[in-house]
Amino acid sequence: QRHTIYYIMIIFSNSVRRAVIAQQHRNYPTVIQPILLLQQQQTGRGDQRQQKQQLCSIHSGISHLSPLTPSTPGKDGTTDSNDIDSNSNKDSKEGDKVPVQTYHKSPIVQKLWKTRDEAKRRVMGNLTIGDGEYSDVSIAAAAVLSDCKDGVGKNGDCVDGRKGKTPRESRVGIAYPFSSDEFLKETYRNPWGEMRFGKILEDLDALAGNIAFNHVHGNPLIVTAGVDRIRIRQRPIIGQDQYLSGKVTWVGSSSMEIRMQISTREDGSEEWLEAYFTFVTLDPVTKKAMKVTPLLPETNEERAHFELGAIKAQNKKMARKNKIEVGRPLSEESLKIDIRAGKLLDEAGQLLRMPSLADPNTILMDQTLQSNAMVAQPQARNLHDRIFGGFLMRRAFELAFATAYMFGGGRPRFLEVDDISFDHPVDVGDLLVFKSRVLYTRPEGGNLGGYVDGHEGMPLVNVEVECWVIVPEETRAKVSNHFYFTFALPDKKSCRRVLPGNIDQARRQAARMHADDVQSGLRP
């Protein structure tokens, strides 16, 4: 009898699928209820909650059957505010269009990208991503352009006539209603009932893009250049509502810095995470750098953030200048890094030549290596049909966490992202290899500044992750991203000291230590 019912279900499901495609998503109740009834007869269960879950699952599957017009959620009605409502239970309107790239993303990323696409359609008419070729337009610029006629806006100032924008004009906020949305909470829960920070990294990248769009004028192409720092002040409670917000804090000639925060209150108080992202603006045709709309700080706090951003930008220029490369003369700073690298390699001599007599509390860097490989799937692409940077950040973080876990012998505690660089874009179908290693450790602990609570005296582990794009057909490869994470080992009193196995590793280790020392001088 079970086999008979099973075969009936298969035949019925195929019939349903053909019927649904033919009707283009019409008559959902007619389709869904017989399936639930048949499943209920098979299992003999009438649990209401289980039926509801089955109904949602089947409805989700049906909504993706048609290749023409997939069922999408409706607008959230936030056209007059940059604060995005995180409640996803909105009635969809016939004709609403949402980029297909938002599927398979977290609810927060979906809402942020949907809001951004709505702003683009205000300028481009009914076109959406995939319908035509056009570059990115900000939400604020969309509003101005829609009012401009012959170069003159309602107030006499169009895009080209604006002298600058204030930080509050770029502000965007979104809520995580964890206390009332069980599905959302489950999406962000890790195996230990805490916040899954890899998902948070995806949301930060998506939010930073919306903030950048709010600030620019005209029609530039906006690209993520890097992540300067992400710090965790304390461990958040997964069942408590959270609020993610941010705004532009510094602007250079063609780049801008964005500061974001997550707090337990909508007004931004009780902040437990801060993040700094850097974006650059490019000409959509020539791909050359374009000038960014000037920033006009209004408060003392905004002026302080602007000044700090300028200092960090100068430090980045010096770091690029001091980078040790073959054929380039050593500057004073790079000479210091090279001397430090030589000392580290000398310390590793005993471990390299006489490992049985070496200090048992030391280990070679190569012995900490971990890696994984994957093919970049289309479900991970962004609004430009390239692989979402937040997705790469999450994959790198999860590998770094596993690397620190295996190295330390106990569950690590994530403290901060020290630096992330976006060197080359990643395309759908690329073969990616993530390689991680423990770059250096501080067995007796270290100082990450007063922002990060409760890490004093804990062994610290710095993990480097590289994302390689491999082209087997051409036997070549290139690095698309560098990621640097710092973890603590809360259950350990000490850990092994990591030493380089060659001069290249020694210089890499010394350069990272130097960069972290410079960054520590900017930590409040």
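Ring pairs join Trp192, Phe197, Trp272, Phe397, Phe401, Tyr405, Phe414, Phe483, Phe485 and Phe487 into a cluster. Rings of Phe, Tyr and Trp (its six-membered ring) pair if their centres lie within 6.5 Å; planes under 30 degrees apart are stacked, over 60 edge-to-face, and the rest tilted. The count under this rule is 16 aromatic pairs. The model is predicted: local features need pLDDT of at least 70 and side-chain atom pairs pLDDT 80 or more, while totals for chains, interfaces and linings use all residues. Numbering starts from 1 along each chain as its sequence is written, and side-chain values use heavy atoms, without hydrogens and water.

**The pair Tyr176 and Tyr188**
- Tyr176 and Tyr188 pair edge-to-face, at 5.4 Å centre to centre with 90° between the planes.
- Tyr176 lies in strand S2 (residues 172–176) and Tyr188 in the loop between helix H6 (182–187) and helix H7 (197–215), so the pair ties together parts 12 residues apart in sequence.
- Helices (H or I, at least four residues) and strands (E, at least two) are DSSP runs numbered from the N terminus.
- Tyr176 is buried, at 1% relative accessible area, and Tyr188 is buried at 0%.
- Buried means under 20% relative accessible area, exposed over 50%, and partly exposed in between (1.4 Å probe, protein chains only).

**Charges over rings**
- The charged end of Lys312 sits over the ring of Tyr276, 3.4 Å from its centre.
- Lys435 lies over the face of Trp468, 5.3 Å from the ring centre.
- The rule requires NZ of Lys or CZ of Arg within 6 Å of the ring centre and within 35 degrees of the ring normal.

- Glu270 has phi near 55° and is found in the loop between strands S5 (255–263) and S6 (271–282).
- Thr475 has phi near 50° and is exposed, with a relative accessible area of 72%.
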